[in-house]
Amino acid sequence: MVIGFLSACTVVVDEPRPGPGPIRPPGPQMCTMEFAPVCGERGNRLRTFPNACHARADGFRILHRGECRPDNRPPVEQACTREFAPVCGQRGAQRQTFPNACTARSEGFRVIAPGECRRGDDRPPQQQFCTREFAPVCGQRGGRLRTFPNACEAGADGFQVIHRGECR
């Protein structure tokens with residue numbers, strides 16, 4: 001006597017549906033501490049994250065695996081209008097009047113006041129004292145990138161911090 005055994009299985013294929021992706025729940029996102037670095041982008045800003053979850057939680061779009069390498073990306077040309085809304089800009093100890101904020105930033109200056117720089121503004125800013133803390137940051141001024149031992153040192157030299165860690 002032959003006894004047969006009949007079995008069946010069902011395969012469910014979960015195909016992506018067109019339309020918007022899943023809705024993120026409100027509140028903070030919980031991420032693992034896994035170290036699988038990714039490069040994320042938000043606007044024109046690049047930043048390296050320890051993993052994809054951290055990048056998405058901060059609102060960044062993942063560009064690729066691995067650390068960001070700003071030097072591989074062509075510089076973004078800043079196109080400014082001819083609007084006349086003067087501002088006083090500062091880069092290091094140098095202060096200068098610009099026709100508008102966009103022009104000041106494109107030249108690597110930080111806008112410190114609306115209107116023209118006043119005579120009293122020509123004097124160098126007060127000496128800024130920074131701690132010796134070692135928490136490296138990458139600073140940018142104009143199109144130049146430079147690594148500083150900490151954010152205070154970068155600001156004192158007229159650089160804007162673009163991300164934590166060394167410049168690549």
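A residue counts as buried when its relative accessible area is under 20%, as exposed when that area is over 50%, and as partly exposed in between. The exercises below concern a predicted model.

**Exercise 1.** Decide whether histidine 163 is buried or exposed, and state where histidine 163 lies.

*Solution.*
- Step 1: Histidine 163 lies in strand E9, which covers residues 160–164.
- Step 2: The relative accessible area of histidine 163 is 13%.
- Step 3: The cut-off for buried is under 20%, so histidine 163 is buried.
- Step 4: With neighbours within four places in sequence left aside, histidine 163 has contacts with Leu46, Val137 and Cys138.

**Exercise 2.** Locate alanine 85, classify its accessibility and list its contacts beyond four places in sequence.

*Solution.*
- Step 1: The loop between strand E3 (61–65) and strand E4 (87–91) holds alanine 85.
- Step 2: The relative accessibility of alanine 85 is 31%. This value falls between 20% and 50%, so alanine 85 is partly exposed.
- Step 3: Apart from neighbours within four places in sequence, alanine 85 touches Pro99, Asn100 and Ala101.
- Step 4: Phenylalanine 98 is 13 residues from alanine 85 along the chain, and their C-alpha atoms are 8.4 Å apart.

**Exercise 3.** Describe how E4 and E5 pair and what lies between them.

*Solution.*
- Step 1: E5 spans residues 94–98 and pairs with E4 in the antiparallel sense, over 5 bridges.
- Step 2: In this pairing, glutamine 90 is opposite arginine 95 of E5.
- Step 3: E4 and E5 make a hairpin, with 2 residues between them.
- Step 4: Glycine 92 sits in the turn and has a positive phi of about 65°.

Terms used. Residues numbered from 1 in each chain as written. Predicted model: local features only at pLDDT ≥ 70, side-chain atom pairs only at ≥ 80, totals over all residues. Heavy atoms only, no water. Helix = DSSP H or I, 4+ residues; strand = E, 2+ residues; numbered from the N terminus. Buried < 20%, exposed > 50% of the residue type's maximum accessible area, 1.4 Å probe, protein only. Contact = heavy atoms within 4.5 Å. Pairing = 2+ DSSP bridges.
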